[in-house]
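Here are a few notes to read alongside the model. Open it up and follow the points in order.

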Amino acid sequence: MDPSQLTVAEAARAIAERRLSPVALVEAYLARIDALDGELHSFVLVLHEAARQAARAAEQAIAAGHAGGPLFGIPIALKDIYKTRGVRTTAGSRRYQHHVPQEDAESWVRLKSAGAILLGKNETHEFAIGGPDFGLPFPPARNPWNTAHYPAGSSSGSAVAVAAGLCAAAMGSDTGGSIRGPAAYCGIVGLKPTYGRVSRRGVFPLSYTLDHCGPLTRTVEDCAMLMQALAAYDPLDPASADVPVPDYRAALGPRLDGMTIGVIRHFHEKDAVAGFGPDNAPSAAYVEAFERACRTLESLGARLVDLQLSPLIDYADANRLIMLAEAYALHERDFREQPQMFGRHMFARVALGAFLSAADYVEATRQRRELCREFARAFAAVDVVVSANATGPAPRLDEVPLWGVFERASYTAPYNLTGAPALSVPIGFENGLPLAFQIAGPPFAEAAVLRVGHAFEQATEFHRQRPAIAAPLPSPR
Amino acid sequence: MAEPISRERFALLVERAGLTLDPERFEELRQGYRFVERMARTVRRRRERDAEPAHIFVHPQV
């Protein structure tokens, strides 16, 4: 069997049992990248030799009986805003086109310590916000289900690489939905952990109080495995939380008996159109897929209750305003002194922050606290909630509007604003393109969120469906 | 869709921000300014004086 078809869990087991060589696994992924990424553009840098060297070292360690780490020999990729020591890290921008950091992102250090091997760096929207932009040094990644379509962003390359089978798992970042949006459009799993759960140190910031680092994987079990390595207190990240880390994989099971799940329907049924206009109405296929997913959760033993929160726009606009103010402060000097260094999308979107007042920002943070309290009250009555993700299939790549990031209803933003863990899981297809919903929990309840996601996944077949481009490569003659 | 801010008013905001924009970027941002107005409207509401912001000062540990 082509080893690139294995999940992280399957490959890790095969390596541990000496049925699979890390060298063979790395070679399989490198061959796929070489064969397919010319069309997908999911990598901006492929570390052929470094990955081979790491794989050979892993194989030698196995031979010497020193193999260790739950991700031992697993080839992964990093969004190109994760700093990598001695390896170019561009943030998708001409501004850092030749930047070679002196240090590793803490999350990469943790994955490396668990045994992971770095295959390369993934395409990203410029500074995790500006894209898809054809004027950047690297072309935008393309959706593996249909390469004429958008994979969402900003962790575009990471999601595309995982969905197309060009790496076993990848890291993304999420300030308003940049992990969960690409996971939804590419038909994979993406987790935005609790704010403070995974270190942000060494990752190019977009917005200090909203940025989250997290994994993109093919299954929820794989997500749990990466989280086990990633979740830790980092005293050098001011946002890091010193909270015990549970055994995420042990929490997974096939049933949801005894769980109460809140369903937030009004975000997509009413608020999207009321707050953002008629173009934001969910597709009929999406509504049907969402309801079917809810019935599946019920069939697994969960009790579902309707939840009513503040309108979606209250969450989405507070999130966007805070993001804009913090992002503009980060880039103001460069915008004044060398605006030509930035792509059209990144400059236009972030420069809007120049026109916010200090009072606007403070008011948004006051609203944030109010909405966090509302969330906390809601979670007193339920274990987790489910709500929509993107409410239709991916649009064409050449039809993504410049202002879509502000025009469109954002179903993911409430969980950035509240810092709550949120998982995107596939729930169906429309016109051959994936659909997804979100499972979210109170702060640090990743185990419950993963438990629900895993049980749902085991009861459905959506995660087993892969794009045609993810099929094994033809054998060489 | 709301009317975009006038060129004259927007030019003042751009000057105050210290930005130098070519005509294309000026016009693009002028069109996008309506989102700033909407976001500010969404978060500006009457609150009790003791409604604290989400982020408070924390003494750093070194």
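This is a predicted model: local features need pLDDT of at least 70, side-chain atom pairs count only at pLDDT 80 or more; totals for chains, interfaces and linings use all residues.

1. Next, go to helix 12 (residues 358–379) of chain A. This helix has 22 residues and reaches 32 Å from its first C-alpha to its last, close to the 32 Å expected at 1.5 Å a residue. Its buried residues include A:Asp360, A:Glu363 and A:Arg368, as well as A:Leu371, A:Phe375 and A:Phe379. In general, an α-helix has 3.6 residues a turn, so residues three or four places apart point the same way. What covers the buried residues of helix 12 of chain A? The cover includes helix 10 (312–337) and helix 14 (413–417) of chain A, and helix 2 of chain B is also part of it.

2. Helix 4 (residues 106–113) of chain A has buried residues too: A:Glu106, A:Ser107, A:Trp108, A:Arg110 and A:Leu111. Among the elements covering them are strand 2 (75–79), strand 4 (169–174) and strand 6 (212–217) of chain A, along with helix 7 (220–230) of chain A. Just past helix 4 of chain A, you'll find A:Gly115 with a positive phi of about 110 degrees.

3. A:Tyr29 is worth a click. It sits in helix 2 (residues 22–40) of chain A. Is A:Tyr29 buried or exposed? A:Tyr29 counts as buried because it has 25 C-beta neighbours inside 10 Å, and the cut-off for that is 20 or more. Setting aside neighbours within four places in sequence, A:Tyr29 is in contact with A:Ser4, A:Pro75, A:Leu119, A:Leu166 and A:Cys167. A:Gln5 lies 24 residues from A:Tyr29 in sequence, and their C-alpha atoms are 9.7 Å apart in space.

4. Now for some backbone geometry to check. Most residues other than glycine have a negative phi, and most peptide bonds are trans. The loop between strand 3 (117–122) and helix 5 (156–163) of chain A holds A:Pro132, and the peptide bond from A:Gly131 to A:Pro132 is cis, with omega near 0 degrees. A:Ser154 is in the loop between strand 3 and helix 5 of chain A as well. A cis peptide bond links A:Gly153 to A:Ser154, with omega about 15 degrees.

5. That loop, between strand 3 and helix 5 of chain A, is also the place of A:Phe127. A:Phe127 is not a glycine, yet its phi is positive, at about 50 degrees. A:Phe127 is buried, because 26 other C-beta atoms lie within 10 Å.

6. Phi of A:Asn431 is near 55 degrees, a positive value in a residue other than glycine. Is A:Asn431 buried or exposed? With 12 other C-beta atoms within 10 Å, A:Asn431 is exposed, since the cut-off for exposed is 12 or fewer.

Note on methods
Residues are numbered from 1 along each chain as its sequence is written. Chains are lettered from A and ligands numbered from 1 in the order in which they are written. Helices (H or I, at least four residues) and strands (E, at least two) are DSSP runs, numbered from the N terminus. Two residues are in contact if their C-beta atoms, placed from the backbone, lie within 7 Å. The expected span of a helix is 1.5 Å times one less than its number of residues.
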